[in-house]
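Subject: Structure handover

Hello,

Here is the structure for you to look over. My notes on the helix packing follow below it.

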Amino acid sequence: MLAEVIFYLLAALTLGSAMIVAFSRNIIHSAFSLLGAFMGVVGIYLLLAADFVAMVQLLIYVGGILVLTIFAVMLTAGIADVTISNRAVGRVPALVTIGIVGIVMLFAVYRTPWHHAEKIAVDPTTYAIGNAFLTEYVLPFEVASLVLLTALIGAIVISRHEAKE
Amino acid sequence: MGALTLNHFLVLGLLLFLLGTYCVLTRRNAIGILMGVELILNSANINYIAFAFYGGGRYDGQVFAIFVIMLAAAEAVIGLAVVLGIYQNFKTIDVGAAQTLRG
C-alpha cells in the first residue's frame with residue numbers, strides 16, 4: 001500500500017515535470033523542469049531496488065547532463081525568445097503520431113504475458129553489477145571507455161576555436 | 001510490494017516516452033530536441049530496471065541501464081558541442097537554419 005502511494009507520487013513528479021519539458025514555450029523552464037523528471041526517475045529506480053543505478057543516475061544525469069544542458073541554454077543568448085522556441089511539426093500531427101504509437105504500445109504492454117519471478121530479490125546490487133562488468137560484460141565495458149574517450153576528444157575538437165595566424 | 005505490477009512501470013515508461021517523442025517532434029530548438037532525447041532514454045531505462053526487478057535474481061537489466069546512461073552522457077556532450085558550434089556559426093540554434101552543413 002505504501003509502495004503504491006510512493007509510486008504514484010513519483011510518477012506524478014516525473015510525468016508532471018516531463019510535461020513541462022515537452023509543452024513549455026520557454027526553453028529555460030523546460031531545462032529546469034528536467035531536474036524534476038530526473039529526480040522522479042531516481043526515486044523509481046530506488047523503488048525497484050536498483051540502488052547503484054539510482055546513484056549513477058543522480059551523479060551523471062542530475063550532476064552532469066542537466067548542468068551541461070542548463071549551461072548550453074544560458075550560453076546561447078536570446079534563446080528565451082518564443083520565436084526561437086517555436087514548433088517544427090505542428091501540434092496536431094505530433095499529437096496524432098504519439099497517440100497512434102501510444103495505443104499500439106499500450107496494447108503490447110497489456111496483451112503480452114510477461115514473465116513474473118516468484119521471488120523478488122532486494123539485495124544490494126553493487127557487488128553483482130561490478131562482477132558482471134568484469135566477467136560477462138568485460139568487452140562492452142572496455143568499448144564503453146573507448147566511446148567516452150572518443151566523445152571527450154570529439155567534443156574538444158568540435159568546440160575549440162581555430163587559432164588565428 | 002504486492003499491488004504494484006510490472007505493467008505499472010511499463011505504462012510509466014510508455015508515457016515518458018510519448019512526452020519525449022512529442023518534445024522531439026515539435027521543437028525547432030536544438031537543445032529542446034536533446035532534452036526530448038534524454039526523456040526517451042530515461043523511459044527506456046525505466047523499462048530495463050523494471051524487467052530486471054521482476055525478472056528475479058539477474059542484474060543484466062541494470063548493467064544495460066548503466067550502459068544507456070553512459071551513452072546518454074556521451075550523446076549530451078557531443079550534441080551540445082555541436083549545438084554550440086552551430087550557434088557560433090549561425091547565431092541561432094533553429095535546426096531549420098543549419099540545413100546547409102556549411103560554415
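Axes here are lines fitted to C-alpha atoms, for helices over the stretch in contact, and angles run from 0 to 180 degrees between N-to-C directions. Helices are DSSP runs (H or I, at least four residues), numbered from the N terminus. This is a predicted model, where local features need pLDDT of at least 70, side-chain atom pairs count only at pLDDT 80 or more, and totals for chains, interfaces and linings use all residues. Residues are numbered from 1 along each chain as its sequence is written, with chains lettered from A and ligands numbered from 1 in the order in which they are written.

Between the chains:
Helix 3 of chain A packs against helix 2 (residues 30-55) of chain B at about 175 degrees, axes 11 Å apart. That makes the two roughly antiparallel (angles over 145 degrees). Residues in contact have C-beta atoms, placed from the backbone, within 7 Å.

The whole contact takes 74 residues from chain A and 62 residues from chain B. Helix 3 of chain A gives the most to the chain A side, with 13 residues.

Within chain A:
The axes of helix 1 and helix 2 of chain A come within 7 Å and cross at roughly 155 degrees. These two helices of chain A are therefore roughly antiparallel to each other. Their contact includes A:Phe7 and A:Leu10 from helix 1, and A:Leu34 and A:Ile44 from helix 2.

Best wishes

Methods: Contact = placed C-beta atoms within 7 Å. Parallel < 35°, antiparallel > 145°, perpendicular 65-115°, else oblique.
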